[in-house]
Amino acid sequence: MPGLEFQDVTKSFGAVRALTGVTFSVREGEAHALVGENGAGKSTLLKVLTGIIRPDAGQLRWLDRTLTLASPRDALERGIGMVYQEMLCFPNLSVTGNIFAGRELTAAGGRLLESEMAARTAALLDELHLRIPPRAAAESLSAAHRQLLQVARALAFECRILVLDEPTTALTDAEADHLFAVLERLKARGVTLLYVSHRLPEVFRLCDRITVLRDGGYAGTFERNEVAPDRIVRAMVGRDLPPRAEHQAATLRDAPALRVRNLTRRPCFDDVCFTVGAGEIVGLFGLVGSGRSELLETIFGLRRPQTGSIEIAGRRVAIRSPRHAAREGIALVPEERHRQGLFFNLDVRHNLMMPARTAAGDILIRDAREREQAQRLIAEWRVKAAGPRAMPDSLSGGNQQKVVLAKWLATSPRVLMLDEPTKGVDVGAKFEIHEIIRRQAAHGLGCLVVSSDLPEVLSLCHRVLVMREGHIQGELAGDAADEESVMHLATSDLRDAS
Amino acid sequence: MKRFWHVRELSTIAILIFEILFFGWYLWPDGSRSHPFLNAENALLILKYSSIYGIAAVGAAVVIISGGIDLAPGSIIALASVVCGALFVDAGWGLGASLMAALSVGVGAGALSAILIVAVKLPPFIATLGVMGITRGLAFIVTEGRYFDLSSKLSGGWRPLGLPADWVAPLVMIALAIVFQILMTRFQWGRQIFSIGGNETAALFSGVAVGRIKTSVYLLSGLLAAVAGVVLALVQGQGKADLATGYELDIIASAVVGGASLSGGRGSVLGAVLGTLIFGVLRNALPQIPGATFYDRLIVGLAVIVIVVMDQLLLKRGE
């Protein structure tokens, strides 16, 4: 019995074909995963399903009836709820205001029924086991709570189909567990789930069937019980991935690239000491809120430490600003490439040359030389771009990230700090970024990698530092570390408390 | 947004009270002469002149909360006064019909802004900058350098609805402030304006009819500016093309002093109206201080900065 059917859905943006004849169906009441690399067409398909864009050809059917969706409002009214990847939230409204935004309960004439809405909100939050007051301002909530707020919102409208786009990106494992428990309950109630994620373990845990999209086309639907993750990855990438590189011991040279002594900036982190050898990849793992991003930002001169010192290649430096940090050979690939990493108004060449140019204190832009350098960087790091004059938004997420990485490598740093280097990046690009990091380390660069992707930390790093509540909680050698030991260090206090 | 008396408005009231006490003390007369500032007549005068700003500030606050900006109110005030004067004085229309025509012109100007912003997708600053020029230009074209004297045609004992003429403007302002405060805090329309100002993309994705709501916001701003223009024409007794020059910035400043954030999503109608009273008191009291006559613009400018900075400091403290 078909539930939700996509029939020959096609959509082009200008010359780019985002979707070509996508046909598959989702059974009513099942949890169905939609996977694919960035640029495979998942987001476009979701936008079609939620009425944000209309397909050029093809149609959607729900329970054997054609669905014509002209707007997100239409979709909501047909019972299609969406939990967006980028958290759409109204920071200026209360929890209740957020849940009922656009669909406020009103008496005749549009008067708001505040108490009814607050009561419904309280009941919903209770159902989700969320301990947040309905009156709290959304901006005071954690990222995880804001994410769950969207689920609550979908529930408030009694959705028959709930679409989730990468809902766990900002969540810790415990929070993700909570979300899954909620989703399981919804499934038991007969809600059809369409779950989009990069994370295959999640997909296998939650979903009954998995549909793969590749390059805007349909690449197969698989029963969870009859397929191995490798098969899914092959379908996503369209080729076999090269085998994972073996753990290689770091070849350390002379003075450590970075030494941090007693660095303190309360309340973010306190008395942090560690070294990163030249040629070493050190992982820094911690849950959201453990102070790891603040630590990187302090080393990079965005914040001032209260006490403590930083040494680069054996020389003590007091970093005053990111510009100063770049001159001292420190580079930071930030977590949010959209907000912190790229200039979307400038072409790839200017993006690539910006740090090197400012660190060198250039006044004139030497066009010919820069173009040539940019061209070389694009070739060297295999950035898939039309050329140095391409604009960043024409690149896929993985290639944008490679641009951010390349622009810092162009400054020839001694220390490369990476904050979530493969967040929102597809499998192939993730692999390439890991290779770039390994290659740079082999040439004597000290790398400090912050990531909440534990398998990534374990496969990439020679040594893992675990941070919790602003302290370095412990250190594990790369081959001795496994998920359990790292998580134990990262959470033990939290577990004791609860 | 829950309570009618938002904390933010209380601090605006506190500034207003402090200001009144200060001038009351500073201008305290020697001997037995009557107080030049603290008297009923002067209070009515302040209310009367502030209400022109205040009525338009209701619309400005709504626009700013929606995340937009409207630069046209000053010009619409002038155009409405001119249209009202031309029809009432020159064309011999009845007063009611002239007023309605003037208000329609305001709505028309608001509609033009709305089309440019919602359909053509111009940034509100540019769209309303254009509308500001167009409406001011139309006012000059209609008058051809003349001005219309309404006061001679309005008989001395003109009492709309049996009220003294001087009370009309303040009462209109107070009524509009209360109505729109309630609409903004208790009604879906207002809540959706807050949501658009807070995060327009999210509002669209949440099923808010963003285009329709934004259209209503600019129509309202145009209409209320025209109401202010009509009130100005009746209060001052004239329709002139160069009236209310620069008022749009004073009106925006009042809304900001009253707690509105120019990045949208925050603010209150009541606060904006109280903001116009803060400036109204300054404009009334400063010329009474010997030697301060030429300082009033400077002091008004400083006041905007000081009040907004204080507000931010208090907000930070509050967190």
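Two strands pair if DSSP finds at least two bridges between them. Strands (E, at least two residues) and helices (H or I, at least four residues) are DSSP runs, numbered from the N terminus. The model is predicted: local features need pLDDT of at least 70, side-chain atom pairs count only at pLDDT 80 or more, and totals for chains, interfaces and linings use all residues. Residues are numbered from 1 along each chain as its sequence is written, while chains are lettered from A and ligands numbered from 1 in the order in which they are written.

**View 1. Strand S16 of chain A beside S17(A).** S16(A) (residues 330–333) pairs in the parallel sense with S17(A) (residues 415–419) over four bridges. Within this pairing, A:Leu416 is the bridge partner of A:Ala331, and A:Leu418 stands opposite A:Val333. In a regular strand the side chains alternate between the two faces of the sheet. In S16(A), A:Ala331 and A:Val333 point one way, and A:Ile330 and A:Leu332 the other.

View 2. Six strands of chain A form an open sheet of mixed pairing in the order S16-S17-S18-S13-S19-S20. S16 and S20 (471–477) of chain A stand at the edges with a single partner strand each, so one side of each lacks a neighbour in the sheet. From one strand to the next the twist averages 20°. Helix H9 of chain A (residues 292–299) packs on the sheet, touching S13, S16, S17, S18 and S19 of chain A, and its direction makes about 150° with that of S17(A). Helix H15 of chain A (residues 427–442) also packs on the sheet; this helix touches S13, S17 and S18 of chain A, and its direction makes about 150° with that of S18(A). Axes are lines fitted to C-alpha atoms, for helices over the stretch in contact, and angles run from 0 to 180 degrees between N-to-C directions. Residues are in contact if their C-beta atoms, placed from the backbone, lie within 7 Å.

**View 3. The contact between chains A and B.** Chain A contributes 20 residues to the contact and chain B 21 residues. On the side of chain A, helix H2 (residues 72–77) supplies the largest share, three residues.

**View 4. The largest nonpolar core.** A nonpolar core is a set of buried Ala, Val, Leu, Ile, Met, Phe, Trp, Tyr and Cys residues joined through C-beta atoms within 7 Å. Of the 165 residues in the largest core, B:Val58, B:Ala61, B:Val62, B:Ile77 and B:Val230 touch the most other members. Helix H9 of chain B (residues 210–236) provides the largest share of this core, 15 residues. A second, separate core of 73 residues includes A:Phe300, A:Leu352, A:Ala359 and A:Leu460.

**View 5. B:Lys48 in helix H2 of chain B.** B:Lys48 is found in helix H2 (residues 40–65) of chain B. B:Lys48 counts as buried because it has 20 C-beta neighbours inside 10 Å. Not counting residues up to four places away in sequence, B:Lys48 touches B:Asp166, B:Ala169, B:Pro170 and B:Val235. From B:Lys48 to B:Ile69, the separation is 21 residues in sequence and 25 Å in space, C-alpha to C-alpha.

Terms used:
Buried ≥ 20, exposed ≤ 12 C-beta atoms within 10 Å, placed from the backbone. Contact = placed C-beta atoms within 7 Å.
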